[in-house]
Amino acid sequence: FQWEKLDPALAMHVAVGTSLAAMVPLALRSLISHMQHHVPFFPIYKKMAPGIFVGVIAGGVLAHFVHSRVLEITFGIFAIVMGIMLLRQRHSTKQTNLPGVLGLSLAGGFVGIISGMLGVAGSAFSVPFLTHRGVRMHVAVVVSVAIAMTVSIVGAITFYLTGMHVSGLPHWSLGYIYL
């Protein structure tokens, strides 16, 4: 967006909205592909879904009111923390059970807020959380893809709506989504 001469105060918002919109066809294709293998992901996903919906909307609305530079710094911190976590990741043999509906919905809310605010799919949080809680990896991955599908659709709609009346967006924009 630096080459588009986009107002720096809007650049990160447009980047996040565009990222979320771009994820829709990718997540849809991936979810369709995974569903052909009949992996039993839906019982876990449906317990996380309410939190994801609310979290993504809250994250998108919050992002609208946060300065672009703050979003950039937050995204940078997120990337550094995720990198450190990946480097320090230890495989634990201790597994615990999944929490109940409230616990999974709260976990979904956390994933949703971060994903909706920063334009990420949420796999960085959901897969480690689920596998640590005893969910088999291939099930956790499909749950993560379903979460990405939800995040991308709900997030793109949120960034469209919150950016609808913002002035200074580039031509070919739908809200904060740059076509």
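Is Thr150 buried or exposed? Select Thr150 to begin: with a relative accessible area of 7%, this residue is buried, where buried means under 20% relative accessible area, exposed over 50% and partly exposed in between (1.4 Å probe, protein chains only).

The model is a predicted one, in which local features need pLDDT of at least 70 and side-chain atom pairs count only at pLDDT 80 or more, while totals for chains, interfaces and linings use all residues. Residues are numbered from 1 along each chain as its sequence is written, and side-chain values use heavy atoms, with hydrogens and water left out.

**Around Thr150**

Keep Thr150 selected and display the backbone oxygen of Ala146, which the side chain of Thr150 reaches at 3.0 Å. Next, show Tyr45, Ile52, Phe53 and Gly155; Thr150 touches these residues, not counting residues up to four places away in sequence (contact means heavy atoms within 4.5 Å).

**Helix H6**

Helices are DSSP runs (H or I, at least four residues), numbered from the N terminus. H6 has 27 residues and reaches 37 Å from its first C-alpha to its last, close to the expected 39 Å; the expected span is 1.5 Å times one less than the number of residues. Of the 27 residues, 20 are buried, so H6 is largely enclosed by the rest of the structure.

Ile157 also lies in H6, but is partly exposed, with a relative accessible area of 46%.

**Helix H5**

Select residues 123-132, where Phe125, Ser126, Val127 and Leu130 are buried. The buried residues of H5 pack against helices H2 (42-65), H3 (68-88), H4 (101-118) and H6. H5 is followed by Gly134, whose phi is positive, near 95°.

Finish at Arg69, which forms a salt bridge with Glu72, their closest N and O atoms being 2.8 Å apart. The term denotes a side-chain nitrogen of Lys or Arg within 4 Å of a carboxyl oxygen of Asp or Glu. The structure holds one salt bridge. Both residues lie in H3, three residues apart, about one turn of the helix. Glu72 is partly exposed, with a relative accessible area of 30%.

Definitions and conventions
Helix = DSSP H or I, 4+ residues; strand = E, 2+ residues; numbered from the N terminus. Polar contact = N/O pair within 3.5 Å; in protein donor to acceptor, adjacent residues only side chain to side chain.
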